[in-house]
There are 2 protein chains.
Amino acid sequence: MPESPDTRDRLLAAAARLFHEQGYAATGVATILREADVNSGSLYYYFDSKEDLLAGVLDRYLDLLEPEILSRAKAAASDPVERVFALLGVYRWGLEVTGCTLGCPIGNLALELGDAYPALREKVEKNFQGWSGAVEGWLREAAGRFPPGTDLAALSRFVLVVMEGGMMQARARKSVEPYDDAVRQLRDYFDRLQASRASGPRGNPKNRNRKGKRSS
Amino acid sequence: MPESPDTRDRLLAAAARLFHEQGYAATGVATILREADVNSGSLYYYFDSKEDLLAGVLDRYLDLLEPEILSRAKAAASDPVERVFALLGVYRWGLEVTGCTLGCPIGNLALELGDAYPALREKVEKNFQGWSGAVEGWLREAAGRFPPGTDLAALSRFVLVVMEGGMMQARARKSVEPYDDAVRQLRDYFDRLQASRASGPRGNPKNRNRKGKRSS
């Protein structure tokens, strides 16, 4: 079957957009085909099912994490802690440009899919791990600013929890304010952690090493 | 049309359970009728549409907030700050009994519905306000333990953000561990806020008054 090399990409991009806008269950295959300008034979040439298409969408989000999301935070701030807040700023921008209607596509799918498709749940989790793993790498660069023994992996996952919970509240109130409030509380927590390090015992020197930056 | 007085309740209970388990879009009216043991004439006697039924489900969640959720936290802890963590414990229990498959029904609906049905979004937001309003009432009882000027309304909404974000991560990993980690970080933040109050300036006496408990 002769296929244009970008047919698969067009299908993935249209499916990603529609799942984000309307949810997975509410999106019909016919709509995906129409928006991708592809016929159903081509869809089933590349994907076994709508579920398989969603698996491709989740792999694509993981591929785009660095070039579309993390790279913006890196460009916006060189200080590793400020980079974390710049990353949260990328999502704030996403709320603003959509009038707080869309939120995080991975978070939406996490709640919509639940345990219905175990293989897809694992791909959702991989996206979350990629995100919080990047934050953890930045926090490790700044490890010396946090109290000795701070669990930076847990702290990085907490940043993700606050981002996702804040996005949810912003969508429910259709205002960016709940997101800003949540980020402000997180900033206060970070400030208190860093202030206690500054005033506390010099402690465990291993926390002052810059541990291996994660390669990106 | 002769109706048994509990037909409407049976419809609401079945719809609430199914929307929670499978999502709103993925739940067909036929399934609701079968699980409620009700015919479609009775459904449309009480509700104009599936959307109207969801409106009833959201009103019911608000009615049940006090007797099913808040009352458990109150029974579990008399100290107002411990009550907040007891409330988070109620949701942990919900994760455990469902094997981390279900999460918070309101949070799920918030992300699934987005802006598709403005009247329903407002009912979702009312549920969130009821929840964080109760937490705010408890924090006001303990206002003297927090630093002067602490925005207790914002702090109570942060508790909701952490609960919802933590539930999402627990479902994605199918483990209660990410939820426990998030609550542990929140506890650390609360401890740091309270410690700084204890060691800080005595400050603004109005914050030491027990401001009006919200009636529940």
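Predicted model: local features only at pLDDT ≥ 70, side-chain atom pairs only at ≥ 80, totals over all residues.
**Figure 1. The interface joins 40 residues of chain A to 40 residues of chain B.** Four elements of chain A each give two or more residues to the side that touches chain B: α6 (105-113), α7 (118-141), α8 (152-173) and α9 (177-199). Helix α8(A) provides the largest share of this side, with 15 residues. Sorted by class, the side of chain A that touches chain B consists of 18 nonpolar, 11 polar and 11 charged residues.

**Figure 2. Helix α8 of chain B is largely enclosed by the rest of the structure.** This helix covers residues 152-173 of chain B, which is 22 residues. At 1.5 Å a residue, α8(B) should span 32 Å; the end C-alpha atoms of the helix are 31 Å apart, in agreement with that expectation. Is the helix mostly buried or exposed? Of the 22 residues of α8(B), 19 are buried, so the helix is largely enclosed by the rest of the structure. A residue counts as buried here if 20 or more other C-beta atoms lie within 10 Å of its own. Just after α8(B), K174(B) adopts a positive phi of about 55°.

**Figure 3. Chain A is divided into two domains, domain 1 (1-47) and domain 2 (62-208).** Taken over C-alpha atoms, the centres of domain 1 and domain 2 of chain A are separated by 30 Å. Contact between these domains of chain A involves 7 residues of domain 1 and 6 residues of domain 2. On the side of domain 1 of chain A that touches domain 2 of chain A, there are 4 nonpolar, 2 polar and 1 charged residues.

**Figure 4. The largest nonpolar core contains 114 residues.** In soluble globular proteins, nonpolar side chains tend to be buried together. Which residues have the most contacts inside the core? They are A15(A) and A15(B). When neighbours within four places in sequence are left aside, A15(A) is in contact with I32(A), L53(A) and V57(A).

Definitions and conventions:
Residues numbered from 1 in each chain as written. Chains lettered and ligands numbered in written order. Expected span 1.5 Å × (residues − 1). Buried ≥ 20, exposed ≤ 12 C-beta atoms within 10 Å, placed from the backbone. Domains from an automatic or database assignment. Contact = placed C-beta atoms within 7 Å. Nonpolar A, V, L, I, M, F, W, Y, C, P; charged D, E, K, R; others polar. Core = buried A, V, L, I, M, F, W, Y, C linked by C-beta atoms within 7 Å.
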